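Here's a quick tour of what sits inside this fold and around one of its ligands. Have a look first, then read on.

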Amino acid sequence: MEEKRIPRHVSIIMDGNGRWARERGKERIFGHFEGVESVRACTEAAVEEGIEYLSLFAFSEENWGRPDAEVNGLMELMMRSMKNEYRTFMDNGVRFVVLGNRERLSSSLNATIDEMMEETAGNTRLTLILFLSYSGKWDILQAAKKLALKYRDRADELPEASAEEFGDLLVTAGIPDPDLLIRTSGEERISNYLLWQTAYSEFYFTDILWPDFRKEAFRAALDEYARRDRRYGKVK
Ligand code: IPE
Ligand code: IPE
Ligand code: MG
């Protein structure tokens, strides 16, 4: 029997926390609390399945536009959850990385992130990436600015700049593009997430709300991925 095809990089747009809470007559923040349990479950499943990279869209640049109480609640929750997970990350060989517009995060959250990233840098089993204050257009724009600076004094060489070179200027430099992109809660859109990097990702949409998305649901997405035929524009 052929071995099941496992994606190297799984990325998830974790959506539906607010609706999950509302369905239970609770404040939206309760959905975010419960969502942390799904993060833990999916991280565990990713380690068990031998996935190399798991990336999670936790907070978009647009999410800054939500009411202050929700934004502050989310930031506090992130800080607390990171600290809580430290031991588990070390025990399970998880390297923790945060990518996004870090300038917009508080200095205390940035300090915690720096510490977590340094402490887990040597772990090699799974790289867990949290996209915080991230948007795809922001990423492409900051890369374009870097490219402009790089070629400032040698504009004649610019036509030779490659997609690979540009990709190395994105915040995801060195990380393989997602093989599988999952979005929960029934929404079927990219919401300014990884725009460049999902050029050939397989998309998987599910109606399950993020707080209900646990190991079984994660494995169902992997099963579906294993059945997909990736052609990259070519003929088989
Ligand atoms: C996803 O859940 C988490 C974040 C975007 C921070 P939502 O908060 O978007 O939940 P819904 O979509 O309103 O249900
Ligand atoms: C996308 O979810 C962002 C994250 C999951 C962090 P949103 O709930 O913000 O997206 P829209 O508003 O439905 O497009
Ligand atoms: Mg949402």
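Leu-54 makes contact (heavy atoms within 4.5 Å) with Val-10, Ile-12, Cys-42, Thr-43, Ala-46, Leu-126, Thr-127, Leu-128, Ile-129 and Phe-218, leaving aside residues up to four places away in sequence. Keep in mind that this is a predicted model, where local features need pLDDT of at least 70 and side-chain atom pairs count only at pLDDT 80 or more, while totals for chains, interfaces and linings use all residues. Residues are numbered from 1 along each chain as written, ligands are numbered from 1 in the order written with chains lettered from A, and side-chain values use heavy atoms, without hydrogens or water.

Leu-54 is one of the residues touching the most other members of the largest nonpolar core, which has 39 residues. A nonpolar core here is a set of buried (under 20% relative accessible area, 1.4 Å probe, protein chains only) Ala, Val, Leu, Ile, Met, Phe, Trp, Tyr and Cys residues joined through side-chain atoms within 4.5 Å. Helix α3 (residues 68–92; helices are DSSP runs of H or I, at least four residues) gives the largest share, 7 residues.

## Around ligand 2

Residues around ligand 2 (a heavy atom within 4 Å) include Asp-15, Phe-59, Ser-60 and Arg-66.

Notes:
Buried < 20%, exposed > 50% of the residue type's maximum accessible area, 1.4 Å probe, protein only. Helix = DSSP H or I, 4+ residues; strand = E, 2+ residues; numbered from the N terminus.
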